[in-house]
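Thanks for making the time this morning.

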There are 2 protein chains.
Amino acid sequence: MIGLCTDHLGLDLDRALGEWEGALEAARAGLLARKGVPGSFLGWMDLPEDTETLRAVRRYREGVDFAEDLVHIGIGGSSLGALALEEALGEGRVRVHPVDHVEPTPLKRLLDRLDPRRTLVHVVSKSGTTLETLSAFALFLDWLKKGTPDWRRHVVVTTDPSRGPLRRFAQEEGLASFSIPEEVGGRYSVLSPVGLLPLAFSGADLEALLSGARMANEVARRPLGENLPLKTALLQHLAWLEGRGITVFMAYSARMRHVPAWFVQLHDESLGKRDREGRRVGTTALPALGPQDQHAQVQLFREGPLDKLIVLALPLQDEPLVIPEGPGLPGFLPGRTFLDVLQAEALATEEALAQAGQRVYTLTLDRVDAYHLGWLLQHLMWQTAFLGELWGVNAFDQPGVELGKRLALERLEKDGRFQ
Amino acid sequence: MIGLCTDHLGLDLDRALGEWEGALEAARAGLLARKGVPGSFLGWMDLPEDTETLRAVRRYREGVDFAEDLVHIGIGGSSLGALALEEALGEGRVRVHPVDHVEPTPLKRLLDRLDPRRTLVHVVSKSGTTLETLSAFALFLDWLKKGTPDWRRHVVVTTDPSRGPLRRFAQEEGLASFSIPEEVGGRYSVLSPVGLLPLAFSGADLEALLSGARMANEVARRPLGENLPLKTALLQHLAWLEGRGITVFMAYSARMRHVPAWFVQLHDESLGKRDREGRRVGTTALPALGPQDQHAQVQLFREGPLDKLIVLALPLQDEPLVIPEGPGLPGFLPGRTFLDVLQAEALATEEALAQAGQRVYTLTLDRVDAYHLGWLLQHLMWQTAFLGELWGVNAFDQPGVELGKRLALERLEKDGRFQ
């Protein structure tokens, strides 16, 4: 299960829940009332139930026998969640190569290393119009066409069910394709084929992943006292009210090293915007890793400005790998497990940060596995959706990115090179 | 060269330099006056001149003929810079595997994948007492001893020149070893054998790396009007005075994807601390990547709180890789280069962020190569050192991490497991 430890928070959570019960219940009711309303983009709630898509992904995977490498072309919501899960759960049966950029040298190097006859290219864009994704896809498509007689078998498209140029292309060429449901936005799409397809190739327990996410859905509908996402949304909300502008997500797990970056997009792009009165709201999510960032960011967290809420994510169980004798180790350490060290460091950090005056709580995961990652990611989506209600913003749009897109296209059209 | 573009900063830089000339010159004079004083930890200024160490690293590398894999065990300053350079410059001649954590499952998986007879283990800790590093090293040492008759040839140690358990171990066992000079702190050590040794194995132009860093040294001693690190330190300082608590480092380069994390440690651990009057100072560095984070963080940067200074790092040249025809591409795009897209996106983002009211400037690198990365990293060290002077903090200690270390050890000694 996923648990919440607030021992060092310096706040009576039960009392705060009592005080905020009305607002929290209103947030949940407001959110759920929009479920099923077109344009409300709450389709992410249903993804964990979609076993039909899961079966289709599996069937497709079984039919592709040539793939030793999978190139996953996508950016933002079409990439960050898939990468986070791949790093944590992938078994490496097929090697996954993310292409989330347009930098010439690494694009060329990747092409040089791969054999088109052994490569599957997965192109992902909800709208089918993402400039970086389409540019990189054009390059890989050209490469496949030159390198394999049956290039169509080497491409799989994940995009809108009916609209956009990628959907059209898949239809015209008779390509394998999957859909991101219309009511699912990019940063909420990790449990759609965006994430499921690469994981099916690299080898991960997709049933367990969705099962964990269903548990998050169930917990989100429980009464307040047993409702994890309403509790954590409240803790995020209270930190914001205190003027703490930074929310740190610090995963104590090397396997989870890309989860914080996924959370950054989810949180920032959902909540960093103007509220209904035009006020700028939102907090800035900061990615962190434990114990690595004890040696990088904790100095600042301890002695710098008290502007942070710090959330640790800590696994409770793992392989019982024992520390052998070795040079320089304190005498009590050999014979203890590596997990003992990881947990001691996390708990010590929590205590040290609390003593310094930062707000801090811990999410515990029984294990770092598909079930708990499915639960964690879906939990964080619920937390974000509830926060959108509390902060009076639409957590499912992103109006602030349009200007940059338009300016980039104008610049390219005018052939305006850098001076 | 590395250039500075402040076109969208909304600030007359020349005028600000005039106003701040006294403080900036005092900062530089104060810093340089401590050079050579024991305990001032300014040895990083001399690393780029140390061609003797470079030759020793090269000779060592030429003598190791068995290595197909290099395990780099280290954390924080013993890891982040080496990884950033390896990702940007490594040619993959020897595969580098960072071990910067203590999580059981990934440790076990790495051991299972490697052949000890073909593996070199590089263990890095300035003090020789870093708990995570020593624990992981004990595991790999045990594995080498069981898997190779001549395990000593498979270990190389980088630590303090004379002190600490790793130095003692290297001496007792007659192991190959390198030194982090006494006056060089961990987060300023990337151009010592900490970074040079793995790069020598993976294949990078180390001469050019140090040559670029020497250029940064030269620029740091120039008059104010031509002094890049004094200028950027001033821009960081002014943003801090305006109450902007977050400094974003956004690299528009997939190869530079780990550079922001290295900068985060350098900036946060150097500057996030109590000043001489006991006040909490420092700004929080936020890592970002372009164009990826246009799809993740830019929404928040545009419409969320105006609490940020955003620094873009943009390459001006790269391979002329042309975008072919492909589905969904705007008609003007095929025939343009990928670099055109990258630069258009960066410039558009700079403009869009400035319009939104955030402070933003761009560092331009002629290319992403060893020379420019050496320059960039050394430049950022100068910037940080100057900021320490402006903010009245010691940029070369880290008192705030001691409590967490002590609490973790106490917990482990008491055998206090997680409940």
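Phe41(A) sits in the loop between α1 and α2 (51–63) of chain A, where helices (H or I, at least four residues) and strands (E, at least two) are DSSP runs, numbered from the N terminus. The phi of Phe41(A) is near 55°, which is a positive value in a residue other than glycine. Most residues other than glycine have a negative phi, and most peptide bonds are trans.

Before going further, please keep in mind that this is a predicted model, in which local features need pLDDT of at least 70 and side-chain atom pairs count only at pLDDT 80 or more, while totals for chains, interfaces and linings use all residues. Residues are numbered from 1 along each chain as its sequence is written, chains are lettered from A and ligands numbered from 1 in the order in which they are written, and side-chain values use heavy atoms, with hydrogens and water left out.

Staying with the backbone, the peptide bond from Gly290(A) to Pro291(A) is cis, with omega near -5°, and Pro291(A) belongs to the loop between β8 (284–289) and α11 (298–303) of chain A. In chain B, the bond from Gly290(B) to Pro291(B) is cis as well, with omega near 0°, and Pro291(B) lies in the loop between β8 (284–289) and α11 (298–303) of that chain.

Next, the domains. Chain A is assigned domain 1 (2–33 + 209–400) and domain 2 (43–204), with bounds that come from an automatic or database domain assignment. The C-alpha centres of the two domains of chain A lie 29 Å apart.

Glu269(A) forms a salt bridge with Arg187(A), with the closest N and O atoms 3.3 Å apart.

Chain A can be laid on chain B with an RMSD of 0.0 Å by a turn of 180° and a shift of 0.0 Å along the axis, the superposition being by least squares on the C-alpha atoms of residues with pLDDT of at least 70 in both. The two copies are therefore related as by a two-fold rotation axis. In chain A, the C-alpha nearest the axis is that of Leu286(A), 3.2 Å from it. The same surface serves both copies, since 99% of the contact residues of chain A recur in chain B.

This contact takes 114 residues from chain A and 113 residues from chain B, and the chains bury about 10000 Å² between them, 65% of it on carbon and sulfur atoms. Between chain A and chain B the count is 8 salt bridges. Glu319(A) forms a salt bridge with Lys108(B), the closest N and O atoms being 3.5 Å apart. Helix α12 (residues 338–356) of chain A gives the most to the side that touches chain B, with 14 residues.

Definitions and conventions
A salt bridge is a side-chain nitrogen of Lys or Arg within 4 Å of a carboxyl oxygen of Asp or Glu. Contact means heavy atoms within 4.5 Å. Buried area is the accessible area (1.4 Å probe) that two parts lose on being put together, summed over both.
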